[in-house]
Amino acid sequence: MFLRLFLLFLTIFSLAFTPKLFCADKIYWDNPEQFSAGNFTEAMRTAGYRARINRKAPYDSSGIKGLGHYAQHTFISLIDYRQDIQGNLSMEIIGWGFLEGGVVNGIFFRKDGQIVRALSLENGDYTVSGDRKIIVPNVEFLPEGIYDVVVRHPLRGDAVLPKAISIAKTFTVKFGDFNNLWENFWIVQFGEKFIFDITTVITGLTLIFGVILTALTLRGIGVILLENKAIQVEILALLNEDLMPVEKKRQAMLVKKYVFGLRLKFALIILALVMLIVVMFSIPLFMSMSRAQKETLMRGMWDRSSVLLESLALSSRVFLPWDSMLELGYLPSQIASVPEARYVTITGFGSSDTLHNDYVLASNDPNILLKINTDVLKLGVSRITDGITPALSLLNYYLNAEARKAVGDMTASIAQFNRESTELLLLNDAESRRRLEDIQTTTRDLENRITLILDRIGSDVNSYPKFDIYKIDISQSQNYLLYKPVLFRQGSSDIYVRGVVRLEISNETILKSMLAGERVILTTILYVAFAALLIGSIGAIVLSTLIIRPIRRLVQYVEQIRDTEDKADLEGVEITLKTNDELETLAETINDMTRGLVKAAKAAEDLSIGKEIQKKFIPLETDRDGNKLTYGSRSSKNTRFFGYYEGAKGVSGDYFDYQDIDGRYFAIIKCDIAGKGVPAALIMAQIATMFRNYFKTWKPDKDGLRIETLVYLINDFIETLDFKERFAAFTLCLFDSEKGVVHFCNAGDNVIHWYDNSARRLKTITLLQSPAAGVLPNSMLEASNAYRVQTLSIDHGDMLLLYTDGIEEAKRLFRDANFNEIICDYNGLPQDSPHGSHTVGQNGEELGADRVEAIINAVMNNQIYTLYKYHNPQGEREYHFDFTACMGTIEEVIMAMVSIEKIFRMYKKTDAGDDDRVLVDGKINSFLRDYFLEYRTYCKVKNYPGNPMYVYYLGMFEDEQYDDLTLLGIHWN
């Protein structure tokens with residue numbers, strides 16, 4: 001009452017001091033019970049408590065005309081929309097005063113204070129179907145957004161909907177205050193029980209088992225492929241004569257073992273594959289069928305229970321408003337239609353309590369006495385407490401809040417229409433009767449819509465515990481309490497949740513059906529699996545035997561090749577397989593290799609003889625069988641010679657020789673023929689012959705010192721032969737061992753290495769530049785005096801070192817930690833930038849002249865030499881050679897150079913086995929054993945059965961030796 005008086009005071013005050021202001025004849029509050037003197041101002045600013053002030057006719061210019069005379073008003077109660085089956089959206093505006101005193105002549109849609117669309121009655125944009133309803137047949141012209149709706153009456157002005165509408169892209173309409181959008185979160189699951197899903201676990205374990213079995217199967221197939229490859233490798237090894245007879249016999253026995261193991265493994269793998277297929281298909285099939293059966297049965301139970309619960313709720317909504325206890329008492333008997341149903345309990349407001357809807361109104365629960373607060377069941381008096389009780393208050397709150405938001409305006413409109421109907425009933429004129437009829441029509445329409453909206457709000461069926469057909473524990477029976485709220489409007493009350501229907505169901509019957517069905521499915525699958533395994537076992541044995549039989553023939557053929565000492569005798573011996581698969585290809589490949597082996601055996605005899613013949617020209621020592629070794633030495637009164645030769649591939653053109661002419665003078669030559677193979681070897685042999693023949697008649701006179709004569713003879717010989725791209729680069733020396741005078745004449749090889757004992761370091765002497773022999777004719781060379789003799793005097797203790805480029809150009813490749821070849825990209829340096837012994841962008845490094853010089857100096861000065869390899873796959877590490885005990889001999893110098901060159905090209909993998917090996921000269925091995933500090937950890941030695949003068953380094957790899965190692969040293973004592 002205080003509020004109304006205060007508001008009336010404000011209105012009179014406004015009229016007195018504002019002539020243009022309007023006054024109110026009626027004030028309606030949405031929630032008058034919420035107001036107090038302290039919150040009036042705040043309430044005026046709150047949309048939920050907005051007052052509707054009906055306009056009064058404006059004053060005239062004097063400000064007093066019409067005082068006390070009020071025109072009827074126009075207002076909008078709500079806006080509703082309809083959508084037909086074609087999706088066309090229409091709008092209905094419900095309110096008052098659309099026809100009195102004139103027809104509404106304009107409707108406006110306003111967005112952000114700006115009119116974006118205007119509808120005209122003259123254009124037929126809408127229809128006024130009564131004083132309380134306007135129909136807009138199409139509102140799809142509105143773009144997406146939030147709008148205010150304004151209705152313009154020609155006499156009373158504009159009426160605005162208190163709440164805005166929202167148009168979405170799908171042309172759906174929402175009403176209300178969109179500043180704080182409310183989300184529907186009243187559906188709450190509580191007390192959820194964790195359920196162990198055995199089906200998912202078994203399916204997961206099946207998949208894991210399948211993956212493991214697949215991996216093992218693939219590994220087995222890989223082992224078979226590797227062993228098949230190993231057989232081929234062993235066959236190649238036997239064919240290539242890589243092993244001595246004892247070793248070959250052992251390897252042939254391994255091949256037999258492989259054949260036996262392959263048949264067994266192949267059969268087992270086929271069985272494993274069959275088992276894998278059976279397991280991979282049968283278990284998931286069983287799980288899938290069981291799950292499908294379970295889901296179908298559980299979904300059927302849920303659907304039946306939901307239909308029953310919907311029927312009970314609908315019936316309860318009919319009887320609850322009238323407190324029809326008798327009719328409500330008949331409803332629980334409907335559970336007979338659902339076999340899984342246990343009982344039904346219907347609750348609502350009590351006989352004297354309209355705040356709580358948990359009073360039992362009907363129930364056939366046999367345990368109801370354990371759940372109520374009275375000793376005996378008294379309908380409308382006993383209150384129930386069960387599993388859903390903690391959530392009901394929250395559920396009621398949110399459902400009522402949503403219902404008020406959705407139908408509050410319609411309920412208020414109905415209440416207003418009822419009040420107006422009461423007033424109109426007192427009048428008996430035609431106009432009042434017509435208005436009363438309009439009100440009754442609108443009221444019925446609003447009540448129907450309220451019923452539909454409340455049905456939608458309360459449509460969800462909930463359960464305790466949560467009912468999830470995908471997570472049902474079938475190991476034990478489970479009861480579920482389904483509940484559904486009953487919503488309807490009663491009088492002017494804003495409480496819409498008037499009751500709750502509870503229905504308890506049990507899955508015990510369904511579990512029995514599922515278990516029986518699973519037994520049938522499992523039995524069928526086991527029969528099929530057993531049959532598949534039986535057929536697979538027989539097929540595996542037969543198939544493995546058929547596949548292994550050709551391999552046995554291959555083994556017998558390989559044994560024949562093994563036992564044939566002279567492979568030339570294998571000519572015409574072949575194996576024939578008609579398997580039309582890789583084994584036939586392998587057999588034909590072995591036949592091709594056998595033919596090649598026969599040819600190679602014949603050619604190897606010639607090549608071996610050629611290699612030995614080439615070595616005959618080089619002063620090397622021989623073993624007890626007369627075979628040339630890799631090194632040779634000779635001592636005289638004042639001079640010590642030591643040379644080393646190791647060919648890279650077959651015969652070649654590298655060569656050195658020294659001849660004692662008369663006990664004082666020594667003739668020395670070091671030669672490198674361009675190219676490889678037989679042509680280079682033939683030229684080398686001819687040069688060696690010319691060298692020896694020339695000095696057989698040599699005399700120590702003036703003409704005898706003119707050794708350039710021999711150089712011209714060699715040039716003329718090679719140039720006359722007209723070999724394409726064949727020439728000889730050599731150094732010819734005449735050494736006076738008494739005076740230490742060396743006479744040099746070179747052809748394209750003008751670099752002399754000289755260790756100066758007094759300076760304790762290696763020096764390099766560059767002779768006059770001259771062309772290699774065989775490039776130009778003698779007539780041109782003699783005219784320019786191209787070949788000239790130069791003299792060098794050395795002191796006692798000095799050394800001359802003559803070697804070809806094979807030692808300095810020895811190369812190793814760069815590799816990463818995985819032993820893959822890489823190129824240098826050190827610290828992102830530009831291309832071709834120097835990095836130690838190489839440049840950025842290269843894929844390897846050479847031993848180089850600097851390292852060779854450092855090795856020689858370390859030996860002669862009794863130092864420790866450290867070898868560092870760039871981009872080493874074994875990491876940043878060094879290799880140390882202790883020369884502190886060296887005697888400074890020419891043999892130590894030469895062997896240090898070739899031994900470190902070997903370590904330079906070798907590398908050791910962490911996963912290398914004894915089958916990974918490098919062939920090493922026994923002379924080098926002896927030197928490394930004495931001077932290589934990491935020898936015991938780096939070099940695992942095994943005798944080489946092919947030649948006792950060589951050994952194997954096991955677990956090692958090496959980069960290829962591209963050129964011959966040809967070194968000769970002369971030490972003047």
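Analyst: Two strands pair if DSSP finds at least two bridges between them, and strands (E, at least two residues) and helices (H or I, at least four) are DSSP runs numbered from the N terminus. This is a predicted model, in which local features need pLDDT of at least 70, side-chain atom pairs count only at pLDDT 80 or more, and totals for chains, interfaces and linings use all residues. Residues are numbered from 1 along each chain as its sequence is written, and side-chain values use heavy atoms, with hydrogens and water left out. Strand β19 (residues 639-646) and strand β39 (residues 965-972) are an antiparallel pair with 8 bridges.

User: Which residue of β39 is the bridge partner of Glu646?

Analyst: The partner of Glu646 is Leu965.

User: What is the strand order of the open sheet of 6 strands?

Analyst: Strands of a sheet pair through backbone hydrogen bonds, in a parallel or an antiparallel sense. Here the order is β18-β19-β39-β27-β24-β25, and the pairing is antiparallel. At the edges stand β18 (631-635) and β25 (761-766), each of which pairs on one side only. From one strand to the next, the twist averages 20°. Helix α13 (residues 848-860) packs on this sheet and touches β24 (751-756), β25 and β27 (799-803). The direction of α13 makes about 135° with that of β25; axes are lines fitted to C-alpha atoms, for helices over the stretch in contact, and angles run from 0 to 180 degrees between N-to-C directions.

User: How many residues join β7 to β8 in the hairpin?

Analyst: The hairpin connects the two strands through 2 residues. Strand β7 (residues 127-130) pairs with strand β8 (residues 133-136) in the antiparallel sense over 3 bridges. Within this pair, Val128 is opposite Ile134 of β8.

User: Which residues touch the most other members of the largest nonpolar core?

Analyst: A nonpolar core is a set of buried Ala, Val, Leu, Ile, Met, Phe, Trp, Tyr and Cys residues joined through side-chain atoms within 4.5 Å. Buried means under 20% relative accessible area, exposed over 50%, and partly exposed in between (1.4 Å probe, protein chains only). The largest core has 56 residues, and Tyr655, Ile668, Ile687, Phe695, Phe730 and Leu732 touch the most other members. Helix α10 (residues 677-696) supplies the largest share, 10 residues. With contact taken as heavy atoms within 4.5 Å, and residues up to four places away in sequence not counted, Ile668 touches residues including Phe641, Phe691, Leu732, Leu802, Leu968 and Ile970. A second, separate core holds 50 residues, among them Tyr803, Ile890, Met897 and Val920.

User: Where does Asp964 lie, and is it buried or exposed?

Analyst: Asp964 lies in the loop between β38 (956-958) and β39. It counts as buried because its relative accessibility is 1%. A polar atom of the Asp964 side chain lies 2.7 Å from the backbone nitrogen of Ala648. Leaving out residues up to four places away in sequence, Asp964 touches Tyr645, Glu646, Gly647, Lys649 and Thr804, among others.

User: What is the average pLDDT of the chain?

Analyst: pLDDT is the predictor's confidence in each residue, from 0 to 100. The chain averages 80, and 80% of the residues score at least 70. Over residues 1-71 the pLDDT is below 50, and this stretch has 73 contacts in the model beyond near neighbours in sequence. Residues 241-249 are likewise below 50, with 14 such contacts.

User: How many helices and strands does the chain have?

Analyst: The secondary structure comes to 16 helices and 39 strands. Of the 973 residues, 45% count as buried.

Methods: Polar contact = N/O pair within 3.5 Å; in protein donor to acceptor, adjacent residues only side chain to side chain.
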